[in-house]
Amino acid sequence: MPETNDQFTRTRLLLGSEAMNRLAAARVAIFGIGGVGGYAAEALARSGVGTLDLIDSDVVALSNLNRQIIATHSTLGMYKVDAAAARIKDINPSAVVNTYRVFYTPETENQFDFRKYDYIIDAIDTVTGKIALVMNAQAAGVPIICSMGAGNKLDPTAFEVTDIYKTSVCPLARVMRRELKKRGVKRLKVVYSKEEALTPLVSDEKLPEGRRQIPGSVAFVPSVAGLIIAGEVVKDIALVCN
């Protein structure tokens, strides 16, 4: 039986010691530490993943408090990667956390050696960034899982894990299907929702330049997407030999 002072005892009961050793030896990169990526990162830390690379250039804002696990009044103004790193180290002091205050785009991709990763999580918003992540992961031979649209939705039960070419309804998935097909990508694991997006009410918040409408979001939708993603990563790494 696992020792009672092992913080991963309950996980070990389900996965076994060999699987936990694989998780402890794994290095996972999470691109985007927001509503989806923040929950994914924390779930991986609580599952015993040994090394986490956190990539995001944004800081915690008041509008993040409704849905992002790293967002509290005490973290307002902090870089999201720093807030997430502090939580992870408090959860598992043995974890190695590498932080990058970088907005990931094709122009910044050279800052990362994708061959070092055992798994990549795409939780960013831009199509160009997502495509670059997929192409770099494929070139490095590293598995990747991508989050599709989670904004303007209210049904957390509508998410599913599938291949990008089996998706429907989601506008972001539609664009990704088209662009990846052009580039010869044969398959891609994604988490997406079949729920039709709602139209957000008019906001008084000033829109960033070039952005048409800020999407609405709630605590219980992006979080579910992030936890599903983390579950897929943990199972793929831990149970790969089972």
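I began with strands β4 (residues 119-122) and β5 (residues 144-147), which pair in the parallel sense over 3 bridges; strands are DSSP runs of E with at least two residues, numbered from the N terminus, and two strands pair if DSSP finds at least two bridges between them. Ile 120 has Ile 144 of β5 as its bridge partner.

The model is predicted, with local features requiring pLDDT of at least 70 and side-chain atom pairs pLDDT 80 or more, while totals for chains, interfaces and linings use all residues. Residues are numbered from 1 along each chain as its sequence is written, and side-chain values use heavy atoms, without hydrogens and water.

I then traced the sheet: 7 strands form an open, mixed arrangement in the order β3-β2-β1-β4-β5-β7-β6. Because β3 (96-100) and β6 (159-163) each have a single partner strand, one side of each is left without a neighbour in the sheet.

Next I looked up the cysteines. I recorded 0 disulfides, a disulfide being a pair of cysteine sulfur atoms within 2.5 Å. Cys 146 is in no disulfide, and the nearest cysteine sulfur, that of Cys 170, is 12 Å away. Cys 146 counts as buried at 0% relative accessibility, and Cys 170 counts as buried at 2%; buried means under 20% relative accessible area, with a 1.4 Å probe and protein chains only.

Last, I examined the lining of the second largest pocket. Its residues divide into 8 nonpolar, 2 polar and 3 charged, where Asp, Glu, Lys and Arg count as charged, Ala, Val, Leu, Ile, Met, Phe, Trp, Tyr, Cys and Pro as nonpolar, and the others, Gly among them, as polar.

Technical notes
Buried means under 20% relative accessible area, exposed over 50%, partly exposed in between (1.4 Å probe, protein chains only). Helices (H or I, at least four residues) and strands (E, at least two) are DSSP runs, numbered from the N terminus.
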